[in-house]
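Please open the structure in your viewer and keep the sequence panel at hand.

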Amino acid sequence: MDDLRTRYIALIAAAQDEAALEALRVQAVGKKGEVSLQMRQLGKMTPEERQVAGPALNALKDEINAALAARKSALSDAALAERLRSEWLDVTLPGRSLRTPGTLHPISQVREEVTAIFAEMGFAVAEGPRIDTDWYNFDALNIPAHHPARAEMDTFYMARAAGDNRPPNVLRTHTSPVQIRSMETMGAPMRIICPGGVYRADYDQTHTPMFHQVEGLAIDRDISMANLKWCLEEFVKAFFEVDDVELRFRASHFPFTEPSAEVDIRCSWQDGTLKVGEGDDWLEILGSGMVHPKVLAAGGIDPEQWQGFAFGMGIDRIAMLKYGIPDLRAFFDSDLRWLRHYGFAALDQPTLHGGLSR
Ligand code: PHE
């Protein structure tokens, strides 16, 4: 027994992994292990012999099991210590500069450019949720239920739980609901733009189901259509970094503005490239008009005291025009080669004095 004990305690202490320990366990105290075989001999002993050998064998078995368990936990402690050592990571180290740095998506770039231009004209930036209520997206904007404008927008509706009879929430179809939210929180007078993502079920070269708009809203006591026209012309010149761009104001209709105008920009499509300011084509870039009195009232602003203009411009559209990107769908393909080609250096903040796109 002493021989068994010395041998196994030494073997266990030398075992290098769990598999070796398991093999030793089977060999020593498994069903056919050496200690178990000894225990089978107990039957052949005299009662006196058995009284001594029985407890001694049991003690030996316990001792070997305890040694196995101790060695197992020592091995796993060592494995953990090794992992902690080799996987150690200093999260306070500065980032490594990459040979192919990431670039800013043209939409982020254009959004910054638009914000810089309107900030210079005194517009603050407002935001609203992309999932909005039926009321903010439609009713408050003078688009009641069953109004044809709802169908024209190809709205994505959110699901409601069974038995919930409230009108479904929508993925906002335009940034105009932020007009109402801003009127509620800021009151009059005010000047805001709201850039952000919007959704409509539409898909072709100039339409994607998620796209971006920037809403503009200016409210004061004596704002007119002339102010709107000046603002947009100033914006377009600054944005396209040219002295003259031809705009076309077309009479139009929106339920939330009266009168309303859509604005197109002169452009040409040559060999699949879009050029701004020349050619015989027009690309629609925005809808606009004087805010409807009912919309002011819905936002808690007295239409007898205040009036204003609003516009909603397609960010993706003006990005395509400015940077000659022929297909809108490529904006959302996440193709790295495309991003490297059309992307912008991440640390160049567009400003009017520093140059917008340089
Ligand atoms: N919300 C309109 C659209 O998405 C654009 C618009 C905004 C028109 C503000 C007039 C005033 O088509």
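Are phenylalanine 239 and phenylalanine 240 buried or exposed? Select both in this predicted model: phenylalanine 239 is buried, as is phenylalanine 240.

Next, select phenylalanine 118 and phenylalanine 123. This is one of 11 aromatic pairs. The ring centres of phenylalanine 118 and phenylalanine 123 lie 5.3 Å apart with the planes at 75 degrees, so the pair is edge-to-face. Phenylalanine 118 has 0% relative accessibility and counts as buried; phenylalanine 123, with a relative accessible area of 6%, is buried. Return to phenylalanine 239 and phenylalanine 240: their ring centres are 4.9 Å apart and their planes stand at 85 degrees, so this pair is edge-to-face.

Now turn to the largest nonpolar core, which has 46 residues. Those touching the most other members are Phe118, Phe235, Ile265, Phe309, Met313 and Ile318. Elements giving two or more residues to this core include α5 (106–120), β8 (257–270) and β11 (307–314). The most is given by α9, with seven residues.

Centre the view on phenylalanine 309. Beyond its neighbours within four places in sequence, its contacts include Phe123, Leu217, Ile223, Leu228, Cys231 and Met290. A second, separate core holds 24 residues, among them Ala126, Ala149, Leu296 and Ala310.

Finally, select two arginine–tyrosine pairs. Arginine 181 lies over the face of tyrosine 136, 3.9 Å from the ring centre. Arginine 329 lies over the face of tyrosine 203, at 5.5 Å from the ring centre.

Notes:
Residues numbered from 1 in each chain as written. Predicted model: local features only at pLDDT ≥ 70, side-chain atom pairs only at ≥ 80, totals over all residues. Heavy atoms only, no water. Phe/Tyr/Trp six-rings, centres within 6.5 Å; stacked < 30°, edge-to-face > 60°. Buried < 20%, exposed > 50% of the residue type's maximum accessible area, 1.4 Å probe, protein only. Lys NZ or Arg CZ within 6 Å of the ring centre and 35° of its normal. Core = buried A, V, L, I, M, F, W, Y, C linked by side-chain atoms within 4.5 Å. Helix = DSSP H or I, 4+ residues; strand = E, 2+ residues; numbered from the N terminus. Contact = heavy atoms within 4.5 Å.
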